[in-house]
Amino acid sequence: MSNTTNDKLPQKARVMLLGIALSALGNGLVLPYTFIYFHNIRGFPIAVAGFIASYGALSALAISPLVGNLIDKWGPKPVLITSLLVSSVGYCSLSLVKTIPQAFLVTTVCAMGQSAMWPSQSAISTELTPEHLRERIYGAQFAMLNLGIGIGGLVSSLVVTLDNPRTFELLFIGDGISYLIYLAVVLTLKDVGRRSVSERIERAKLAGGWADVIADKTFVKFWFVAMFAVLFSYSQLEVGFTAFSTSISGLAPRDLAWAYALNTFIIAAFQLWVNKKLLLVKRKSAISVAVLLWALAWVALAASGVFKGNALFFVILCQFIFAFGEMIWSPILPSVVNQLAPDHLRGRYNAAGTNAWQISLIAGPSIAGTMLGFGAHWYWLGGLITGLIVISVAASRLKLPDRPTADMQR
């Protein structure tokens, strides 16, 4: 039998939760407004604004294999520290962007920081947490992430105005500062996430590399389901959801902050409750349900474009439904990745898991920007809904490892 000690998150894992929440405050400042900043404030065409987001993901993808190698060799902490410094410089610099070439240059810096931050952060959390508690820590991280984003989004909604570009610039500076705050928290974590000289020598003797990751058939199938699920859901939020809600549904940009805020606060309030319920459901079934919920969310968004008198209600409903899909998805994805990963390849597996997001974030905003730019709004939404239904079926056929228990680790 497990006891309360076995079920309690370690102190250092809780410190990581604090750092993630503080950083997320900065993310929340800019999340609803990055596309609007490029398009409405700096005057970039809608397709270009969407392509910049895709380009950022492409830049991150290009260095991701190197990030995985560095984490496995040196440990995740030095990589995370570097990534937070780079991210801080990048997001502060977005406030200075005036031209399209400048936007691409600064986006490259931001992408490099983010590409290294997510897998190294996940690897540290894995080291800090017993295997049977990893779904809990990843769920808790997602809840804290969304709490921070929600608060940041509400603050930004009170500050930002289309008539004053300086308000947008201040948001990006605030986001950059938030990464330095996260860095200060990470620096308090001692004796974790680093590799000694002897450990590096031992790991160098172990056979394996990216070829072993690709040869893991269970992981590869899971990876493809994750990649397409993200392509038809998350990757459409920044450009597609924003553009449809403002251009077709007729909402003001400020209204979107409230929809995002509801999404994030729902997650912060109910994520731990969802985590407990997930223990009663097979992972593949839970993933399938999450993907179907995202399809239903896009149906609600479509309704906002039809019933424009109630557009705000349906846009908020879209984010409400989307949140429940996120709460199911967020603890499962990283826990499966890290359960499948051997210790000496954990950095590569986490980098590959991040790649599933990055590839989708390359294609998603570009597809949305192009289709919405040509007025194909309804084809765009219909494709997303159809794609998610197909992915839901594919997810239900996955063969995933059982959840570990406390007794299995004794």
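Author: A disulfide is a pair of cysteine sulfur atoms within 2.5 Å of each other. The model is a predicted one, in which local features need pLDDT of at least 70 and side-chain atom pairs count only at pLDDT 80 or more, whereas totals for chains, interfaces and linings use all residues. Residues are numbered from 1 along each chain as its sequence is written, and side-chain values use heavy atoms, with hydrogens and water left out.

The structure holds zero disulfides. For Cys92 the closest cysteine sulfur is that of Cys110, at 9.4 Å, which is too far for a bond. Cys92 is partly exposed at 25%, while Cys110 is buried at 6%.

The charged side chains come next. Side chains of opposite charge can pair when their charged atoms come close. A salt bridge is counted where a side-chain nitrogen of Lys or Arg lies within 4 Å of a carboxyl oxygen of Asp or Glu. By this rule there are four salt bridges.

One of them joins Arg42 to Glu169, with 2.9 Å between the closest N and O atoms. This pair ties together distant parts of the chain, 127 residues apart: Arg42 is in the loop between helix H2 (34-41) and helix H3 (46-74), and Glu169 is in helix H7 (residues 165-186). The helices named here are DSSP runs (H or I, at least four residues), numbered from the N terminus. Both partners are buried, because Arg42 has a relative accessibility of 15% and Glu169 one of 10%.

Glu169 has a further partner, Arg166, where the closest N and O atoms are 3.0 Å apart. These two residues share helix H7 and are three residues apart, about one turn of the helix. Arg166 is partly exposed, at 43% relative accessibility.

Another salt bridge is that of Arg283 with Glu135, whose closest N and O atoms are 3.1 Å apart. It too links distant parts of the chain, since Arg283 belongs to helix H13 (residues 283-306) and Glu135 to helix H6 (residues 134-159), 148 residues apart. Arg283 is buried, with a relative accessible area of 5%, and Glu135 is buried as well, at 10%.

H2 is mostly covered, with six of its eight residues buried. These are Thr34, Phe35, Ile36, Tyr37, Phe38 and Ile41. Among the elements that cover them are helix H1 (11-30), H3, H5, H7, helix H11 (237-248) and helix H12 (253-278), where contact means heavy atoms within 4.5 Å. H7, one of these covering helices, is also the helix that carries Glu169, the partner of Arg42. After H2 comes Gly43, which has a positive phi, near 80 degrees.

Note on methods: Buried means under 20% relative accessible area, exposed over 50%, partly exposed in between (1.4 Å probe, protein chains only).
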